[in-house]
Amino acid sequence: MERLSCTGSSIRRRSTSISSHTSHHTNNDDECERVSEAGDIGDRALPSTRLSESGSIRSSFDIRPEENEVVVSTEEEEILHPNSTLSTGAIVDSEAINHETRRGLPKLLDYASCMVHLAVFGILGVLTRYLLQKLFGPGIGNATSNKTLLYLDLPSNMIGSFLMGWFGIVFKGDISNVSEHLAIAITTGYLGSLTTFSGWNQKMLELSVSGHWLFASLGFVVGLFLVAFSIIFGIETAKGFRWLLSKLSMSCGSGNDGSNISTKVDSNSRQLTIMVMFLVILIMLWGVCGVLVKAEFRHGGNAAELWFACMVGPIGVWIRWFLARLNGRGLGKAGLLKWVPFGTLIANVSAAFVMAALATVKKAVHTRDCDTVVSGTQFGLLGCLSTVSTFAAEFNAMRESDYPWRAYAYALMTICISFVIGILVYCIPVWTKGV
């Protein structure tokens, strides 16, 4: 009996040590994933994909035997918890997920519906970004220009980050209660296309190639500060608005704070109807843009570039959405550096690289047709491939985590890699060959 007691005590001590180590490791991993997935997780947010990734139920001691790890055996677990059974809550949650997913669209249609949503909202984001450039740029507002650190896309990046605080953080859950596709379309499609990192980086490269290195450096610093403040301001105002709604609901005696929405689009017929509606809208938008491109292409200019940008913009949104599934995954099988949103990082850096390369081509060729195609691709496809709103959400989540230095490391990583590649691809050819 004494031996059994000693055995139990030893097992409890080992279990406590393992639990403490496992809990700390798990909490750290959870936080890394949380900050990395704060902005976007791509197609992993779809109901059909969530089921396939959450199909297995694991117990708290389901630890894979890696090197230097201890696994509690079945006999030891029975001694520690002789009456333990599988949590019924996990079973109920799994059944609820299965029931909810079965009510939705099949996986292929789920993807198609989401991509149609993204395309429509992506085009709207391109149009809004163009209007903001004209409103605040030379000719009307005169607040931004290509020759100062207040670059043309700064207002759209600030407004997009502000709205990300509203619809991408505070009210995203409420929008998802209506439709997951709508939540993805607003955050990834509209706000991701309204903001652009590649355009920001390219304007700083153009300042650098003209010798304005101070303006370029300050442009990154000031731009990062304004974007970071914009999303904070958006979150705080959205929380205040939610509190106001709660007070108004309480004063009316409804007892509802406005967060419980009962109009969820969860049936096959509703989702199919909305998908067809958005598909018709997308076809109409593409048709109108195609007609306008054909009419304006021979003349060149901003109009032709805009309509061409609207036609190719959805391609950039789709690529960024698929890349976003890498966020929170880390590198390799071990999942190293999970706190780095590699999907967003790859999207921003690759868009900045291609935009710099196309700017070099544009300077070298310099024909009307080439300028139209290159500028339209830069503004549309690459502007939608890169994003500042998602970047701002990730930056803010890291800044508020237990490791705030990661936010600045992530920002430096994104800016420095993109800027150095841009110097190699754009600035050096301009300096050496005078293209």
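How do the residues of the lining of the second largest cavity divide into nonpolar, polar and charged? The close-ups below, all taken from a predicted model, start with that cavity.

**View 1. The second largest cavity and its lining.** Here we look into a cavity with a volume of about 90 Å³, in a structure where three cavities of 30 Å³ or more are counted. Its lining is made up of P47, D110, S113, H117, S179, E180, H181, V265, Q271 and I274. To settle the opening question, these residues comprise three nonpolar, five polar and two charged.

**View 2. Helices around the second largest cavity.** Three helices, α5 (107-136), α8 (180-194) and α11 (268-296), each supply at least two residues of this lining. The biggest share comes from α5, which gives three residues.

View 3. Of the six salt bridges in the structure, one joins the side chains of D174 and R242, at 2.3 Å from N to O. D174 sits in helix α7 (residues 172-178) and R242 in helix α10 (residues 213-251), so this pair ties together parts that are 68 residues apart in sequence. D174 is buried, with 10% relative accessible area, whereas R242 is partly exposed at 21%.

**View 4. Salt bridges D369 with R368 and E400 with R399.** The side chains of D369 and R368 meet at 3.9 Å, N to O, and D369 is partly exposed, with 37% relative accessibility. For E400 and R399, the N to O distance is 3.8 Å. E400 is exposed, at 56% relative accessible area, while R399 is partly exposed at 27%.

Terms used:
Residues are numbered from 1 along each chain as its sequence is written. This is a predicted model: local features need pLDDT of at least 70, side-chain atom pairs count only at pLDDT 80 or more; totals for chains, interfaces and linings use all residues. Side-chain values use heavy atoms; hydrogens and water are left out. On a 1 Å grid over the protein atoms alone, a cavity is a set of points where a 1.4 Å probe fits but cannot get out, and a pocket is an open set with protein on both sides within 12 Å along at least five of seven lines; lining residues have an atom within 4 Å of a point. Grid points are joined across faces, edges and corners, and a volume is the space filled by probe spheres set on the points. Helices (H or I, at least four residues) and strands (E, at least two) are DSSP runs, numbered from the N terminus. Ala, Val, Leu, Ile, Met, Phe, Trp, Tyr, Cys and Pro count as nonpolar, Asp, Glu, Lys and Arg as charged, and the others, Gly among them, as polar. A salt bridge is a side-chain nitrogen of Lys or Arg within 4 Å of a carboxyl oxygen of Asp or Glu. Buried means under 20% relative accessible area, exposed over 50%, partly exposed in between (1.4 Å probe, protein chains only).
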